[in-house]
Amino acid sequence: MALMLIFDQTEGELFDQFKSSSRGLNSDEAKQRLEKYGRNILKIKTEPLWRRLLEPFMDIFMVVLVIAGVLSIVEGNTIDATIVFVIIFINALIDYIQQFSTERILRSLKKVASQQVSVMRDGKSVVVDSSELVPGDIVLLAEGDKVPADGRIIAASEPRADESILTGESELVNKSAKILTGIKEIYEQSNMLFSGTFLISGNVRLLVVRTGNNTEFGKIADLATQTFSISPVQAKIAKLVKQMAIAMGIISIVAFVMSLASGIELFDSLEFVIALAVSAVPEGLPIAISIILALGMRRMAARKALVTNMRAIETIGVITTIATDKTGTLTQNKLTVQSYWSPGDKNDTLRRAVVQALIDPESSHDPLDMAFLDFARPQSRTPSGTAPLNSFAFKQELAMSGNTWHDGHKFKLVIKGAPEKVLDVCKLAKSVQKEALEQLSKYTHEGQRVIAIAEVILDKEPVSLESGIKGKGLSFIGLVAVADQIRRESSSAVKQAKAAGVSVRMITGDHFETAYQIGRKIGIVDSRDQVFDCSKLGLLDEAELDETINKAFVFSRVTPEAKLKILSVLKKDHITAMTGDGVNDVPALAGANVGIAMGSGSYIARDAGDIVLLDDNFKSIITAMKEGRVIVANIRRMLFYLISTNVGEVLTMLGALLLSSSLPLAPVQILWINIVTDTFFIIPLGLEPAEDNVMQKPPESPDAPILDRHTVVRMVLVAVTVAAITLFVYLYFSSKLGVAAAGTLAFMALAITQWSNAFNARSSYQSVFTRLKVMNGKFYICLALAAIFQFAVLFEPLKNWMHVTTVPVKELLFVVAISFTVPIVVVELHKLFVRIFNKKNP
């Protein structure tokens, strides 16, 4: 059924379009429509099973590992091949687990609880499950009901709805059956109710116009399915590995040709190239990163930040902007009285009048009533402990509500409502009216919602609100201003984010002025020029939109689609984190590089978030940022260590070929170093404590490579140093002790240079001697284990398996000394140069 604009049609036109009537649908027609449109539930689209199964193997790192495994099989090295394919299996398993966690978002959207609703069928009111609703049904809703489908109001009695779940705006929305004209955003469609929202007051007859995935709620599910992406750190590592694979392919071809040219047999040349290729692949890196991230998840959970997507830990360490929802994140999503004023400072009188103006306050669902009740607690007892004689619900045309009470032999009407309307019916001295208007202007400019209170003594009980106030000259009691309470820690958390070079952007469904005032109080903006009204989003072309969004730090009147658009623009130049707690946040939570949900928010938002803040504390984001930065720094340490040492092995083999020497290392020895030495050091390096300036450095550009220029230069220096020491030892001792002993000493030299390099990797710029003061017990335990295993190869039974022989102790100690000290000296000189360079070029 094609839908036209439905908020600008008359009741008759709506019934014609949906082939319905005030009697509702008949049972047969309802069944036919249920077959045609399907049940009123969300149907989630998923990728084909074959694509999901193949997806883990389409990563460049996995491709390199598969090639390495196949080459090992060709070589006949079953141990090496087995290890590589076990690594491939574990990584695929981790990827499948991540896929499952991602799909929880979609499953949770589908799990929205069904409900029993009253609907007109065959001219009678019957109760059916909400999943059986179809377009054309007439649903009867009462105060407190959850709206089961999108619908047009055709009859109503003073309804007010809570649409914060969709719009993010905490204030209740007045609804009516009046026809609207023109194009309207969701928050402007006052004659519509939307699935998932709540009817807080009044009664409604609702014509169902959209069900299932066609509802606004369903559109959010569709938006969420379009927004998943890989981690920026993942992408950078994949790019680096791709570059390494290309370089290794070129080197392997050159090495193969050189080996043949030097007279090496074809099979021996192929074996040499395979050993060369396998030595260059950091097989243990993917699993090591997964272990580091898993341990990071445990640490963050202890700090009340539950990580649901492992890769989010590394990503939050490189974010450049936080796009945060206001309601429930920076604020408590709870209206509280912020300011109040009464002529003559009669505050007790004001509190008493506030209580008397509330309609059934103890059972009210209205956040405003609950805020007033908290404000008036000291005066919350009603006269004689009785209920009011009569209550008048909020009248939209009067913008007031009120209660009638006994006052001796007379009657007292106490009202609350829009200040302008209330002041119009009050009898005030000009000086008091002027002061009241000044206070009203002050409160509204501070972004607060202001309610006026007044009362009048009557001889007769009023039959309506209109008759009670008409021409009576009410006594003005005062003004009460409410606002969504800002969390105490929000301002300090924003300051810490800015100090770390991360910008904060507030996204809200509130009006421009309210959004500006809250942003200013928290410290996000200084002027209104930094606030953008998203109702104007459609007026900008793409270039204007990009410029406006990048300059703005507070966004008002935001819809779910607008929020996703803002995020898509920010992601062009930023690595984004998005915080939120409502259904309206789901697409952006899923679309951001890191989605951060509040623990007290909707379960859908929690499932959409990569990180859930269990304590709803915005400051926990800063803790997560620090943890993420430490992990990213440690991933860089791991990359530096693995790549520099592996390239050192490659240069050693190529150097031997260029020098027309026999190969100093057997393939099994290279495999031993890759498995034993790398395995022992890679995890402790990933658990290295933070350096002092981790939260004082601005985030890197999203386009910056995972390893900066200084690190790459240092890697080259280390690789050349490792190769030079190993070749020197082999060539020097070949003539003195023979090839077998020289090979053994070269094997020991290569292993020990890697121990030395592990010390270098502990810090990026600090001296290794300064870093020794920072205790990392796991590092030293693993160093001891690596030494025990390495020296164990000099004895039976490993001695024969590893093709080593007995060597003189004096020569061994000499090799240990130069292999450990020279790499440290080289890197210390480079770190000194970098510190001087950075000081001159801040």
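**Close-up 1. Lys 146 in the loop between β3 and β4.** In this predicted model, Lys 146 sits in the loop that joins β3 (138–141) to β4 (150–162). Its relative accessible area is 25%, so Lys 146 counts as partly exposed. Phe 194 lies 48 residues away along the chain. The C-alpha atoms of Lys 146 and Phe 194 are 9.4 Å apart.

**Close-up 2. Helices α26 and α27 cross.** Helix α26 spans residues 709–737, and helix α27 spans residues 739–761. Their axes come within 8 Å and cross at roughly 155°. An angle over 145 degrees counts as roughly antiparallel, and α26 and α27 are therefore roughly antiparallel to each other. The crossing of α26 past α27 is right-handed.

**Close-up 3. The contact of α26 with α27.** On the α26 side, the contact residues are Val 718, Val 722, Ile 725, Thr 726, Val 729, Tyr 730, Phe 733, Ser 734 and Leu 737. From α27 come Val 739, Ala 741, Ala 742, Gly 743, Leu 745, Ala 746, Ala 749, Leu 750, Thr 753 and Asn 757. By class, this contact holds 14 nonpolar and five polar residues, with no charged ones.

**Close-up 4. Lys 416 in strand β13.** Strand β13 covers residues 410–417 and includes Lys 416. Lys 416 is buried, because its relative accessible area is 9%, and the cut-off for buried is under 20%. Residues up to four places away in sequence are left out of its contact list.

Note on methods
Residues numbered from 1 in each chain as written. Predicted model: local features only at pLDDT ≥ 70, side-chain atom pairs only at ≥ 80, totals over all residues. Heavy atoms only, no water. Helix = DSSP H or I, 4+ residues; strand = E, 2+ residues; numbered from the N terminus. Buried < 20%, exposed > 50% of the residue type's maximum accessible area, 1.4 Å probe, protein only. Axes fitted to C-alpha atoms, helices over the stretch in contact; angles between N-to-C directions. Parallel < 35°, antiparallel > 145°, perpendicular 65-115°, else oblique. Left-handed = near helix turned anticlockwise from the far one by under 90°. Contact = heavy atoms within 4.5 Å. Nonpolar A, V, L, I, M, F, W, Y, C, P; charged D, E, K, R; others polar.
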